[in-house]
Amino acid sequence: MEFKLVEIFKSLQGEGRNTGRQCVFVRFAGCNLSCVWCDTAAEARFAASLESLVDEISSFSCRNVILTGGEPTIVQGMDRLVAELKKRGFWIAVETNGTRSIDDAPWLAFVDYIACSPKIEYESSVRIAVAGEVRVVASAPPEQTAAFCRRMRARISAGDYYVSPCERAGEIDFAGAKAALALLPDWSLSVQLHKILGFR
Ligand code: SF4
């Protein structure tokens with residue numbers, strides 16, 4: 001079994017409920033969506049066996065790990081990776097676009113936290129029903145973003161619901177997120193602090 005990866009690094013979580021938590025970020029290659037405003041490199045830069053990936057993650061002085069992408073729920077072998085990391089005592093979070101349910105990816109039931117970011121442009125592909133948090137990028141006009149958020153709230157049971165500003169060509173659209181939030185009194189703002197403060 002080989003995992004195709006973009007990067008592994010330690011940093012601070014920059015968004016959502018776990019903002020500020022020190023974590024090892026494992027970015028898997030490949031995504032099943034093609035958001036036009038995607039800011040994430042998803043091309044594989046290297047491959048690693050299960051054993052070498054677990055060793056690499058364990059080499060950081062940190063026992064929190066965020067499995068991200070790309071889209072980690074489409075990666076083969078995640079059940080074994082999650083089991084190995086659990087054996088070593090890791091707190092495990094996953095960042096997903098919500099297009100795979102726990103039935104599709106049963107290992108999701110064994111992670112500690114699911115941050116789901118369903119995409120307005122791919123609403124018909126959303127399958128997840130439970131998450132720790134839902135984060136919607138305000139990539140559409142405010143009324144359209146707010147309507148999507150309400151539908152996602154009805155479909156996905158989560159502890160927290162956030163709207164994030166959309167970034168296009170280096171410009172972060174805070175005004176668009178604020179306008180959507182004005183229509184969503186029980187949603188909160190989540191900014192990508194790592195971009196604003198300039199950490200990775
Ligand atoms: S789901 Fe995320 S990684 Fe995939 S294309 Fe959209 S923004 Fe990029």
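Mentor: In this predicted model, a residue counts as buried when its relative accessible area is under 20%.

Trainee: Is Arg135 buried or exposed?

Mentor: The cut-off for buried is under 20% relative accessible area. Arg135 has 6%, so by that cut-off Arg135 is buried.

Trainee: Which side chain meets Arg135 in a salt bridge?

Mentor: The pairing joins Arg135 in strand 7 to a residue in the loop between strand 1 and strand 2, 120 residues apart. The N to O distance is 3.5 Å, and the partner is Glu15.

Trainee: How many residues apart in sequence are Lys86 and Asp112?

Mentor: Their closest N and O atoms are 2.6 Å apart, in a salt bridge. Lys86 lies in helix 2 and Asp112 in the loop between strand 5 and strand 6, so the pair ties together parts separated in sequence by 26 residues.

Trainee: Where does Glu167 lie, the residue that Lys195 is linked to?

Mentor: The side chains of Lys195 and Glu167 meet at 2.8 Å, N to O. Lys195 is in helix 5, and Glu167 is in strand 8 (residues 160–168).

Trainee: How many charged residues does the shell around the ligand have?

Mentor: The ligand takes up the space of the largest pocket. Residues around the ligand include Cys31, Leu33, Asn97 and Lys119. By class the shell has four nonpolar and three polar residues, and the charged count is one.

Methods. Residues are numbered from 1 along each chain as its sequence is written. This is a predicted model: local features need pLDDT of at least 70, side-chain atom pairs count only at pLDDT 80 or more; totals for chains, interfaces and linings use all residues. Side-chain values use heavy atoms; hydrogens and water are left out. A residue is near a molecule or strand if one of its heavy atoms lies within 4 Å of it. On a 1 Å grid over the protein atoms alone, a cavity is a set of points where a 1.4 Å probe fits but cannot get out, and a pocket is an open set with protein on both sides within 12 Å along at least five of seven lines; lining residues have an atom within 4 Å of a point. A molecule sits in a cavity or pocket if more than half of its atoms lie within 2 Å of its grid points. Ala, Val, Leu, Ile, Met, Phe, Trp, Tyr, Cys and Pro count as nonpolar, Asp, Glu, Lys and Arg as charged, and the others, Gly among them, as polar. A salt bridge is a side-chain nitrogen of Lys or Arg within 4 Å of a carboxyl oxygen of Asp or Glu. Helices (H or I, at least four residues) and strands (E, at least two) are DSSP runs, numbered from the N terminus. Buried means under 20% relative accessible area, exposed over 50%, partly exposed in between (1.4 Å probe, protein chains only).
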